[in-house]
Amino acid sequence: MKFYFDGCSHTWGAGLETPELSRYSKIVSDHFGAEEHNIARRGGSDKRVLRNLLETDLEEYDCIVVQLTCKNRTEFFCDDNKKWIQINLETERRKGKTSSRLSESKNLFWKNYWRDIYTEELGRINQLTIGHAMRNLLKDKKHLIIGISNHGQTVQAPVDYNFTNFESHNTIKYESERTNHPSEEGHKQIASEIIKCISI
């Protein structure tokens, strides 16, 4: 038996002392005696999660759990260094400077994109579109689509569960550590709900 997991730092296990031993994907996999395949990435975007699903042979997995993240994240393929680059509006704004990973022209493009093109409505509709594409892609597989919201932001796409570290309606609250990622206890809480759902 093999389980597939993808998402951002919450699914990767940021903030945990030993993520590979105590993140929720490991707890869920161990519960079912399944091999854990976790390709989550810190700073990852919904677009990355969908791309990974499209590029993977999902037939080898018995259950697929994917986590949606912040709607203002995206990615693009950079021809300069032949790899996918994750882009995050909040990180770019917080740093207040350009990325050393990109050429001057690409940095200028993204600066203009965040200033002149991106809006909360664009982020909402992008996430909604990606969420529906995931749901359609996984319709014949045992799966869960989860949202993990923090800093007052809620996932905009239809999800099976939405986990949060703040009090909100129709969500499951988890314990978090200082960076607002799930704590070790929070990962146990998330794993418990996932186990209940996929056991049905």
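Mentor: Let us start with Arg124, which touches Lys71 and Gln156 when residues up to four places away in sequence are not counted. Contact here means heavy atoms within 4.5 Å. The model is predicted: local features need pLDDT of at least 70 and side-chain atom pairs count only at pLDDT 80 or more, whereas totals for chains, interfaces and linings use all residues. Residues are numbered from 1 along each chain as its sequence is written, and side-chain values use heavy atoms, with hydrogens and water left out.

Trainee: Why is Arg124 called partly exposed?

Mentor: Buried means under 20% relative accessible area, exposed means over 50%, and partly exposed lies in between (1.4 Å probe, protein chains only). Arg124 has a relative accessible area of 27% and is therefore partly exposed. Arg124 is found in helix α7, and its C-alpha is 9.8 Å from that of Cys70, a residue 54 places away in sequence.

Trainee: What makes Asn88 buried or exposed?

Mentor: The relative accessibility of Asn88 is 12%, so Asn88 counts as buried. Asn88 is placed in strand β5 and touches Asn72, Arg73 and Trp114, residues up to four places away in sequence not being counted.

Trainee: How do you know whether Thr164 is buried or exposed?

Mentor: Thr164 has a relative accessible area of 0%, so Thr164 is buried. Thr164 lies in strand β7, residues 161–164.

Trainee: What makes Lys82 exposed?

Mentor: Its relative accessibility is 58%, and Lys82 therefore counts as exposed. Lys82 sits in the loop between β4 (73–78) and β5 (83–88). Its phi is near 55°, a positive value in a residue other than glycine.

Trainee: Why is helix α4 called largely enclosed by the rest of the structure?

Mentor: Seven of the 10 residues of α4 (residues 46–55) are buried, so the helix is described in that way. These buried residues are Asp46, Arg48, Val49, Leu50, Arg51, Asn52 and Leu53. They pack against β1 (2–6), β3 (63–68), β4, β5 and α7 (120–137). Helices (H or I, at least four residues) and strands (E, at least two) are DSSP runs, numbered from the N terminus.

Trainee: How do you know how α4 and α7 are oriented to each other?

Mentor: Angles under 35 degrees count as roughly parallel, over 145 as roughly antiparallel, 65 to 115 as roughly perpendicular, and the rest as oblique. Axes are lines fitted to C-alpha atoms, for helices over the stretch in contact, and angles run from 0 to 180 degrees between N-to-C directions. The angle between α4 and α7 is about 20°, with their axes 10 Å apart, and α4 and α7 are therefore roughly parallel to each other. In their contact, Asp46, Lys47, Val49, Leu50, Leu53 and Leu54 of α4 meet Gln127, Ile130, Ala133, Met134 and Leu137 of α7. By class, the residues of this contact divide into eight nonpolar, one polar and two charged. Ala, Val, Leu, Ile, Met, Phe, Trp, Tyr, Cys and Pro count as nonpolar, Asp, Glu, Lys and Arg as charged, and the others, Gly among them, as polar.

Trainee: What makes the buried residues of α3 line one face of the helix?

Mentor: The buried residues of α3 are Tyr24, Ser25, Val28 and Ser29. Seen down the helix axis, they fall within an arc of 130°, so they line one face. The arc is that of the directions from the helix axis to the C-beta atoms. Just after α3, Gly33 takes a positive phi of about 65°.

Trainee: How many helices and strands does the chain have, and what share of its residues is buried?

Mentor: The chain comes to eight helices and eight strands, and 48% of its 200 residues count as buried.
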